[in-house]
Amino acid sequence: MVKNSLYKGIKEVLESANVCHRCILRFFGVKEYTSYIAKTDVEKTIEELVNVENEVLNQKESVQDNSSDDYPLPKRFLPNPCAACLGILQETCDEMVTKLDDVVTKSEHRFKDFVLQVALPVVVDLRDRLFLFYLKQKLGESFCIDENIPSVKDICKWVIGSQYGKLTNTGFTPSSDFQILISSTYPDTVKECFVLFKNCTEAFPNSRKSKATAEDIYTKTAVLNAMEALSTKIEKLYTLPPSPPDKCCTFHEIKCTHSPLYLGGRYNKYSRELSQTPWLIDGERKMESSVNELITDVVQRRILADKIIFSASGREDVDVKMLGDGELCLKTFVCMFHLTLKQRDFSCYVLSIINITSRLIYTATNAMVLPLYQV
Ligand SMILES: [Zn+2]
């Protein structure tokens, strides 16, 4: 957080530079995520912080009139997108919650919690850096922030994740088997980063490649490296404050992925007419069934997956029995739509497999759901 005495100054400087209220809160250094979710809370927090500062100032200076008439009226709906977040934290992230719900509902994924990842244009990092210089220029050396301010990406995740979790009654957590990725696009990335390229070409190694596109050259790493290399003079290369963009940053893609699920166990085979995997020659089936199909048939009735991969530690011929401790095998379920799968569920599958065939037994004692780190 910045010093109490700076809230009013920061608010005035940023409002006149067309910066939205969520971003003003970021530049105050506020890190409580609950302050950012609802717009009413954003307004309330700004008001409270500025008023606390007013009270302190009034006490010191014995000023009679402590009304907030000095401040420009909050620009709740700015004509241009916010000059710091490119409009992402104004309306875009709030509107995204409904779109996200539509996409995830159509994908038919089922989950009890989720991780949210947001990919934003690097221009927002550049603009944050420039605004910090600008605030120092306007407010003097007293403006200093000991830690990094919350990034546009942080706030975007907090706002969308919290609202979507509430809407779907699911948990927005830092780690989950279910991941949602939202990507964005900003048409003026090259235009705004060209100054960095011109003054620090070596930070953009892909520019030496023939046929390199703008996307190949202006990667996030390259732009951040250039900002770092030019950190002592970057404020001289750009006009301060950064001007409000005439185009918004927009979200253009939502991807949902579920971590694969691994089931491991051992099987015994008592038949000499059962292959390990489907045995086909020129499209013609040579054996009625296989170990793979018998196990998969049972399990996929209860678990929806896009793809199921069967792997065994060895390979026995069709006419060879597998006795003793059995063959170790692993099944991988890609793009799972399951809620949770517990050990007791799997024991149930084992019993089903034993029931439907006397030719194959999946040994219950060794069958288990494997955590990812064991695979
Ligand atoms: Zn903003």
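What percentage of the 375 residues of the chain count as buried? The share is 31%, where a residue is buried if 20 or more other C-beta atoms lie within 10 Å of its own, exposed if 12 or fewer, and partly exposed in between, with C-beta atoms placed from the backbone. The model on the screen is a predicted one, in which local features need pLDDT of at least 70 and side-chain atom pairs count only at pLDDT 80 or more, while totals for chains, interfaces and linings use all residues. For the selections below, residues are numbered from 1 along each chain as its sequence is written.

**The whole chain**

Colour the chain by secondary structure, and 12 helices and 11 strands can be picked out; helices (H or I, at least four residues) and strands (E, at least two) are DSSP runs numbered from the N terminus. Of the contacts in the chain with a separation of 6 or more, 77% are between residues 24 or more positions apart, a contact being two residues whose C-beta atoms, placed from the backbone, lie within 7 Å.

**First stop: H1 and H2**

Select residues 7-16, helix H1, whose buried residues are Tyr7, Ile10, Lys11, Val13 and Leu14. Show the side chains, and Tyr7, Ile10, Lys11 and Leu14 of H1 are seen to meet Cys23, Ile24, Phe27 and Phe28 of H2. The residues of this contact divide into 7 nonpolar, no polar and 1 charged, where Ala, Val, Leu, Ile, Met, Phe, Trp, Tyr, Cys and Pro count as nonpolar, Asp, Glu, Lys and Arg as charged, and the others, Gly among them, as polar.

Next, centre on asparagine 18, in the loop between H1 and H2, where phi is near 65°, a positive value in a residue other than glycine. Asparagine 18 counts as partly exposed, because it has 19 C-beta neighbours inside 10 Å.

**Second stop: the sheet and its helices**

Move to the open sheet of 4 strands, which has the order S2-S1-S3-S4 and mixed pairing; two strands pair if DSSP finds at least two bridges between them. Its edge strands are S2 (171-172) and S4 (250-258), each of which pairs on one side only. Between S1 (residues 113-119) and S3 (residues 178-185) the pairing is parallel, over 5 bridges, and valine 115 can be found opposite glutamine 179 in S3. Then select helix H6 (residues 152-168), which packs on the sheet and touches S1 and S2, its direction making about 145° with that of S1. Helix H4 (residues 88-107) lies across S3 and S4 and runs at about 40° to S4.

**Last stop: two loops**

In the loop between helix H3 (39-61) and H4, select leucine 86, which has a positive phi of about 60° although it is not a glycine. Leucine 86 is buried, with 26 other C-beta atoms within 10 Å. Finally, go to proline 241, in the loop between helix H10 (234-237) and S4, and inspect the peptide bond that joins leucine 240 to proline 241, which is cis with omega near -5°.

How values were computed. Axes are lines fitted to C-alpha atoms, for helices over the stretch in contact, and angles run from 0 to 180 degrees between N-to-C directions.
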